[in-house]
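Please read them with the structure open.

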Amino acid sequence: MRKILITESSSCTKCKSVDKLQLDHIISISKGGKNEISNLQILCCKCNNNKSNND
């Protein structure tokens, strides 16, 4: 996660918030996504919850 925080500048990929950050799988594990850096992103809690609601 440390590498991702550095490359994402420690902000939400969607809204640029710096509060309540979470590590998120771009393609969920249940849909075949991998636990690889290329499939991870930093999202704030709000954006991560909104993404979950749209999947």
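1. **Strand pairing.** Which residue in S2 is the bridge partner of Leu 23? The partner is Ile 42. S1 and S2 pair in the antiparallel sense, over five bridges. Two strands count as paired if DSSP finds at least two bridges between them.

2. **Ground rules.** This is a predicted model, in which local features need pLDDT of at least 70 and side-chain atom pairs count only at pLDDT 80 or more, while totals for chains, interfaces and linings use all residues. Residues are numbered from 1 along each chain as its sequence is written, and side-chain values use heavy atoms, with hydrogens and water left out.

3. **Confidence.** pLDDT is the predictor's confidence in each residue, from 0 to 100. The chain averages 85. At least 70 is reached by 76% of the residues. Where pLDDT is low, the predicted coordinates should not be read in detail.

4. **Overall layout.** The chain holds two helices and two strands. Along the sequence their order is α-β-β-α. Helices (H or I, at least four residues) and strands (E, at least two) are DSSP runs, numbered from the N terminus. There are 55 residues, and 27% of them count as buried. Buried means under 20% relative accessible area, exposed means over 50%, and partly exposed is in between (1.4 Å probe, protein chains only).

5. **Surface and contacts.** A contact means heavy atoms within 4.5 Å. Take the contacts between residues at least 6 apart in sequence: 43% of them join residues at least 24 apart.

6. **Strand S2.** Why call S2 largely enclosed by the rest of the structure? Because five of its five residues are buried. Leu 40, Ile 42 and Cys 44 point one way from the strand. Gln 41 and Leu 43 point the other way. Ile 42 lies in S2, and its relative accessible area is 0%. The C-alpha atoms of Ile 42 and Cys 12 are separated by 5.3 Å, although the two residues are 30 residues apart along the chain.

7. **Ser 11.** Ser 11 sits in the loop between H1 and S1. It is buried, at 11% relative accessible area. Leaving out residues up to four places away in sequence, Ser 11 touches Lys 16, Ser 17, Val 18, Leu 21 and Ile 42.

8. **Asn 39.** Look next at the loop between strand S1 (21-25) and strand S2 (40-44), where Asn 39 is placed. Is Asn 39 buried or exposed? It counts as buried, because its relative accessibility is 8%. Its side chain reaches the backbone oxygen of Lys 34 at 2.9 Å. Beyond neighbours within four places in sequence, Asn 39 is in contact with several residues, including Asp 24, His 25, Ile 26 and Gly 33.

9. **Positive phi.** Most residues other than glycine have a negative phi. Lys 16 is not a glycine, yet its phi is positive, at about 70 degrees. Lys 16 lies in the loop between helix H1 (2-7) and S1 and is exposed, at 55% relative accessible area. Lys 20 also has a positive phi, near 50 degrees. Lys 20 is placed in the loop between H1 and S1 and counts as exposed, at 68% relative accessibility.

10. **Cysteines.** A disulfide is a covalent bond between the sulfur atoms of two cysteines. Here it is taken as a pair of cysteine sulfur atoms within 2.5 Å. By this rule the count is zero. Cys 45 is in no disulfide either; its nearest cysteine sulfur, that of Cys 44, is 7.2 Å away. Cys 15 is partly exposed, at 41% relative accessible area. Cys 45 also counts as partly exposed, at 24%.

Definitions and conventions. Polar contact = N/O pair within 3.5 Å; in protein donor to acceptor, adjacent residues only side chain to side chain.
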